[in-house]
Amino acid sequence: MCQHQPRCPSAYAGDREAARLVAFHPEQGWGLLCNGVVVFEDNGEILPDGRSVPAHYCHLGRAA
């Protein structure tokens, strides 16, 4: 799908969220990346083959 140079990461790569945003619907809470991944505002994803990736969060702990 991606026509960018250098190419964006594939939909199945660990850094897939680094692909370029090609459609964005903030009022509905989702966007489409050029690698075919649908990303949601809660950080969940749907891959091009229909599999879902649950929301993931980065929780920063406090230093002691």
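Biologist: In what order do the five strands of the open sheet lie?

Modeller: In this predicted model, the order is β1-β2-β3-β4-β5, with antiparallel pairing.

Biologist: What makes β1 and β5 edge strands?

Modeller: Each pairs on one side only. β1 spans 21-25 and β5 spans 52-53.

Biologist: How do you know that β2 and β3 pair?

Modeller: Pairing needs at least two bridges. Three bridges join β2 (residues 30-33) to β3 (residues 38-40), so they pair. These two strands run antiparallel. Trp-30 stands opposite Phe-40 in β3.

Biologist: Why is Glu-45 called buried?

Modeller: Buried means under 20% relative accessible area. Glu-45, in strand β4 (residues 45-46), has 2% relative accessibility, so Glu-45 counts as buried. Its contacts beyond four places in sequence include Val-37, Val-39, Phe-40, Val-53 and His-56.

Biologist: What makes the Glu-45 and Arg-16 side-chain pair a polar contact?

Modeller: The cut-off is 3.5 Å between N or O atoms. The side chains of Glu-45 and Arg-16 are joined at 2.6 Å, within that limit. Arg-16 is also among the residues Glu-45 touches.

Biologist: Are Cys-8 and Cys-34 buried or exposed?

Modeller: Buried means under 20%. Cys-8 has a relative accessible area of 16%, so Cys-8 is buried. Cys-34, at 8%, is buried too.

How values were computed. Residues numbered from 1 in each chain as written. Predicted model: local features only at pLDDT ≥ 70, side-chain atom pairs only at ≥ 80, totals over all residues. Heavy atoms only, no water. Helix = DSSP H or I, 4+ residues; strand = E, 2+ residues; numbered from the N terminus. Buried < 20%, exposed > 50% of the residue type's maximum accessible area, 1.4 Å probe, protein only. Polar contact = N/O pair within 3.5 Å; in protein donor to acceptor, adjacent residues only side chain to side chain. Contact = heavy atoms within 4.5 Å.
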